[in-house]
Amino acid sequence: MMRVHPAARRTIIDLSYSAHFMDFQGSSIPSSMKKLVVNKLSPNFREAVAMQTVAVPTPGDADLLVRNRFVGVNASDINYTSGRYDPSVKPPFDAGFEGIGEVVGLGLSASSRFTVGDMVAYFTSGAFSEYTVVKAKESIPVPAVKPEFLTLLVSGATAYIALKRLGDLKEGETVLVTAAAGGTGQFAVQFAKRAGCHVIGTCSSNEKAGFLKSIGCDRPINYASEDLAKTLKKEYPKGVDVVYESVGGSVLELAVKSLATKGRLIVIGFISGYQSASGFPPFRGDTLPVRLLQKSASVRGFFLPHFFSDYREALGSMMQMFAKGELQCEVDCLESVFRAVDFMYAGKNLGKVVVEVSPPAVSNSKL
């Protein structure tokens, strides 16, 4: 057995190969790029994040360098800028969770599975950038750089896995989806319908209610013009079997009250509290134990990173549905991450919020 002294070690990727492994159809990759960096922990995205010009990174041996074309915006982006997910991570750190684009560079071992020009999507940190280094094993090949594929990575996967693993859906049951016309709500509606359920969806406008009807929602409730509590009590006196809940606060309280016997409530978020200092909306939970006991009901939490063992199957299944025209992926495409975050928190989005990243030839980046 040959021993290698530390001084004699070198990385497998040889930079003399870089001209070959980092050349996209004969076009040069710029030396610098723009990206969004969290410099201060805050739930105020504009206060926490700043654009920086940095060197374009070189992919390691098992990495891909992806030229981003679309990046996904999530409600939880401001939880990330607040440092709520991992308190041990201190600024500065990169922002953004998901992107889709072309491979323009790659490491030597990564080239056994990918090549320059391949189109991939990914779910990893540092997406709010013109170029992102992604591990090859975590990259998902896609047939085209379409923002619709981006909707599946977090929003679609959350709905698919949460309902499959925690919803225990049965044909004929009633499912309530809050924020149903949003990025993940739109998928929860469709997957519940595929399971043969009667679906109720809350939304904030007649336009959104019309969209919900178009994707199969049986009873859209525009809470801006209807009293949600009175409507549920009048039209669903026996309660609802499953709630897919992402708003929190008073909506969560009402959802608990509206559960049927053996009902299941899945908490996938609580967006109404994300912009506050604590990150949590007020919730009166003192009667929660007795309400659950009286109905043999349950409240279940879902956080996507805890279910990665289900991730590949979920993505493959959703991509097949989309290819067959069996899954609608509504997208609201904006030109700035900062504006997109504001747009989402103003409740204006219909479907998944994505941002188109400018091609390199355009001097003013849309990040």
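With which residue does Glu226 form a salt bridge? In this predicted model, the partner of Glu226 is Arg219, and the closest N and O atoms of the two are 2.8 Å apart. Arg219 counts as buried because its relative accessible area is 17%, under the 20% limit. Glu226 has a relative accessibility of 26%, so this residue is classed as partly exposed.

Side chains of opposite charge can pair when their charged atoms come close. The count of salt bridges in the model comes to 14. One of them is formed by Arg165 and Asp310, whose closest N and O atoms are 2.5 Å apart. Arg165 belongs to helix H4, whereas Asp310 sits in the loop between strand S14 (298-301) and H10; the pair therefore ties together parts that are 145 residues apart in sequence. Asp310 is buried, at 15% relative accessibility, while Arg165, at 41%, is partly exposed.

A further salt bridge connects Lys193 with Asp218, with 3.1 Å between the closest N and O atoms. This pair also links distant parts of the chain, since Lys193 lies in helix H5 and Asp218 in the loop between H6 and strand S11 (219-222), 25 residues apart. Both partners are partly exposed: Lys193 has a relative accessibility of 29%, and Asp218 one of 36%.

In soluble globular proteins, nonpolar side chains tend to be buried together. The largest nonpolar core of this model has 54 residues, of which Phe191, Leu212, Phe302 and Met318 touch the most other members. Several helices and strands each supply at least two residues of this core, including helix H5 (185-194), strand S10 (198-203) and helix H10 (311-323). The greatest contribution comes from H4, with 12 residues. At least three residues of the core are drawn from each of domain 1 (30-145 + 330-356) and domain 2 (155-308).

Met318 shows some of these contacts in detail. Leaving aside residues up to four places away in sequence, Met318 touches Leu152, Gly156, Ala157, Tyr160, Phe191 and Leu327.

Pro87 is classed as exposed because its relative accessible area is 56%, over the 50% limit.

Definitions and conventions. Residues are numbered from 1 along each chain as its sequence is written. This is a predicted model: local features need pLDDT of at least 70, side-chain atom pairs count only at pLDDT 80 or more; totals for chains, interfaces and linings use all residues. Side-chain values use heavy atoms; hydrogens and water are left out. Buried means under 20% relative accessible area, exposed over 50%, partly exposed in between (1.4 Å probe, protein chains only). A nonpolar core is a set of buried Ala, Val, Leu, Ile, Met, Phe, Trp, Tyr and Cys residues joined through side-chain atoms within 4.5 Å. Helices (H or I, at least four residues) and strands (E, at least two) are DSSP runs, numbered from the N terminus. Domain bounds come from an automatic or database domain assignment. Contact means heavy atoms within 4.5 Å. A salt bridge is a side-chain nitrogen of Lys or Arg within 4 Å of a carboxyl oxygen of Asp or Glu.
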